[in-house]
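The following note sets out some points on the model, arranged for reading beside the coordinates.

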Amino acid sequence: LLGGIITGITVTATDAAGNQSFSSFTVTVRYRFNFVNFSDLLVPNNLPNEVAAGSDVRIDFSLSGFKGANPYSAPPVSQRINCFTGVPTGAIQPIQTRGGQVNYNATFDFYSTTWITQSLWRGTCRRLTLSLNDGTMQSLDFRFK
């Protein structure tokens, strides 16, 4: 699935005189992604989500259906960012998770993982990034209080 679901399409056009023209192309279908518990309706795009440093942060996201037990193409990572500009200021680091894996809830159609944060992050901001099997990357910014 890396890169999404790729489908070949062939189109034929015929004019009134019976002349035909053919064209082929591919379409890549990506996941319909949505963070479940962090909504753009609640937090404007230019503001980070506020969480307590050293707390467990539950990350729930939907891919509009089950996409396998491990929807990641690489482990989730975080990176320190400037709290005002969002510009990365630190090295990319794999995140620590409670239980070490992502779980799928079929009843409510979402994946869930719990990010273990560090108390020394108090007063800083970090970007959490998920790399998915369809080739996309999804990120959320957090301010640690």
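1. Leu130 has Gln138, in strand 12, as its bridge partner. Strands here are DSSP runs of type E with at least two residues, and are numbered from the N terminus. The model is predicted, so local features need pLDDT of at least 70 and side-chain atom pairs count only at pLDDT 80 or more, while totals for chains, interfaces and linings use all residues. Residues are numbered from 1 along each chain as its sequence is written, and side-chain values use heavy atoms, with hydrogens and water left out.

2. Strand 11 and strand 12 run antiparallel and are joined by seven bridges; two strands count as paired if DSSP finds at least two bridges between them. Within this pairing, Arg126 stands opposite Phe142 of strand 12. Four residues lie between the two strands of the hairpin, where Gly135 adopts a positive phi near 95 degrees.

3. Strand 6 (residues 72–81) is also antiparallel to strand 11, again with seven bridges. Here Gln79 is placed opposite Arg127 of strand 11. Of the eight residues in strand 11, seven are buried, that is, under 20% relative accessible area with a 1.4 Å probe and protein chains only (exposed is over 50%, partly exposed in between).

4. Which strands make up the open sheet, and in what order? Its five strands follow the order 4-12-11-6-7, and the pairing is mixed. Strand 4 (49–51) and strand 7 (88–94) form the edges, each pairing on one side only.

5. The largest nonpolar core has 21 residues, of which Ile59, Phe61, Trp115, Leu132 and Phe142 touch the most other members. Such a core is a set of buried Ala, Val, Leu, Ile, Met, Phe, Trp, Tyr and Cys residues joined through side-chain atoms within 4.5 Å. Two or more residues each come from strand 5 (56–62), strand 10 (110–116), strand 11 (125–132) and strand 12 (137–144). In soluble globular proteins, nonpolar side chains tend to be buried together.

6. Thr113 belongs to strand 10. Is this residue buried or exposed? Thr113 is buried, because its relative accessible area is 5%. Leaving aside neighbours within four places in sequence, its contacts (heavy atoms within 4.5 Å) are Val57, Arg58, Ile59, Tyr72, Thr97, Gln101 and Val102. The Thr113 side chain also reaches the backbone oxygen of Gln101 at 3.4 Å.

Terms used. A polar contact is a pair of N or O atoms within 3.5 Å; within protein, one must be able to donate a hydrogen and the other to accept it, and residues adjacent in sequence count only if both atoms are side-chain atoms.
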